[in-house]
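Me: Hey, I'm new to this one. Could you walk me through it?

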Amino acid sequence: MRTLPLRLSPGDDLRAALDRVLAQQAVEAAFVLSGIGSLRGARVRFAGAPEPTALEGDLEILTLAGSLSPTGSHLHISVADAQGRVWGGHAAPGCVVRTTAEVLLALLPEWRFSREHDEATGYAELRMYEKPLDRD
């Protein structure tokens with residue numbers, strides 16, 4: 001495992017930026033260990049909801065965690081507004097960084113993650129494949 005601290009910039013879409021970093025690092029598996037920062041609005045899909053809900057205004061990222069793969073990322077986020085109300089769920093595209101997002105990734109170069117349809121759940125679920133060791 002290799003850790004990679006990141007600072008995302010104002011205007012970055014959280015999901016797109018993390019997916020881009022995964023591709024730039026040339027790895028196929030990573031976890032988001034921690035994330036804090038601020039957003040200028042977010043799109044969060046609440047448990048059991050078919051579509052994300054748009055949250056408007058300035059928000060603080062309280063937690064961010066998840067898995068990253070070339071075939072789809074799975075991110076959970078909790079955010080708070082200026083009144084201290086908290087929402088949490090799946091981070092959808094449209095979570096736009098306001099001032100900063102500080103994220104710590106765990107890159108797993110010896111693994112490949114994939115999102116594949118699971119008959120039991122009906123969703124694209126995480127599959128993990130260990131890569132064979134290179135032996136010269």
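**A first tour**

Me: Is Ala 26 buried or exposed?

Reply: Ala 26 is exposed, at a relative accessible area of 67% (buried is under 20%, exposed over 50%, partly exposed in between, with a 1.4 Å probe and protein chains only). Bear in mind that this is a predicted model: local features need pLDDT of at least 70, side-chain atom pairs count only at pLDDT 80 or more, and totals for chains, interfaces and linings use all residues. Residues are numbered from 1 along each chain as its sequence is written, and side-chain values use heavy atoms, with hydrogens and water left out.

Me: Got it. Where is Ala 26 found?

Reply: In the loop between H1 and E2 (helices, H or I, have at least four residues and strands, E, at least two; both are DSSP runs numbered from the N terminus). Although Ala 26 is not a glycine, its phi is positive, about 55 degrees.

Me: How many salt bridges does the structure hold?

Reply: Five, where a salt bridge is a side-chain nitrogen of Lys or Arg within 4 Å of a carboxyl oxygen of Asp or Glu. One of them joins Glu 28 and Lys 131, at 3.0 Å from N to O. Glu 28 is in the loop between H1 and E2 and Lys 131 in the segment after E8, so this pair ties together parts 103 residues apart in sequence. Glu 28 is partly exposed at 27%, and Lys 131 is partly exposed at 29%.

Me: And which residue forms a salt bridge with Arg 98?

Reply: Glu 60, with the closest N and O atoms 3.6 Å apart. That pair links distant parts of the chain, with Arg 98 in strand E6 (residues 97-107) and Glu 60 in strand E3, 38 residues apart. Asp 58 comes in too: Asp 58, Glu 60 and Arg 98 are linked in a network of salt bridges.

Me: What about Arg 15, how far away is its nearest side chain of opposite charge?

Reply: That side chain is Asp 19, 5.0 Å away, and Arg 15 is buried yet has no salt bridge (Lys and Arg count as positive, Asp and Glu as negative; His and the chain ends are not counted). Arg 15 lies in helix H1, residues 14-24. Leaving aside neighbours within four places in sequence, Arg 15 is in contact with Ser 73, Leu 75, Ala 91, Ala 92 and Pro 93 (contact means heavy atoms within 4.5 Å).

Me: Switching topic: how many aromatic pairs does a search of the whole structure find?

Reply: One. Phe 31 and Phe 113 sit edge-to-face, 5.4 Å centre to centre with 75 degrees between the planes (rings of Phe, Tyr and Trp, its six-membered ring, pair if their centres lie within 6.5 Å; planes under 30 degrees apart are stacked, over 60 edge-to-face, the rest tilted). Phe 31 is in strand E2 (residues 30-45) and Phe 113 in strand E7 (residues 111-117), 82 residues apart. Phe 31 is partly exposed at 32%, whereas Phe 113 is buried at 3%.

Me: Last one: which strand does Gly 66 lie in?

Reply: Strand E3, residues 53-68, and Gly 66 is buried at 14%. Leaving aside neighbours within four places in sequence, its contacts include Phe 31, Ala 30 and His 74. Gly 66 and Ala 30 are 36 residues apart in sequence and 8.6 Å apart in space, C-alpha to C-alpha.
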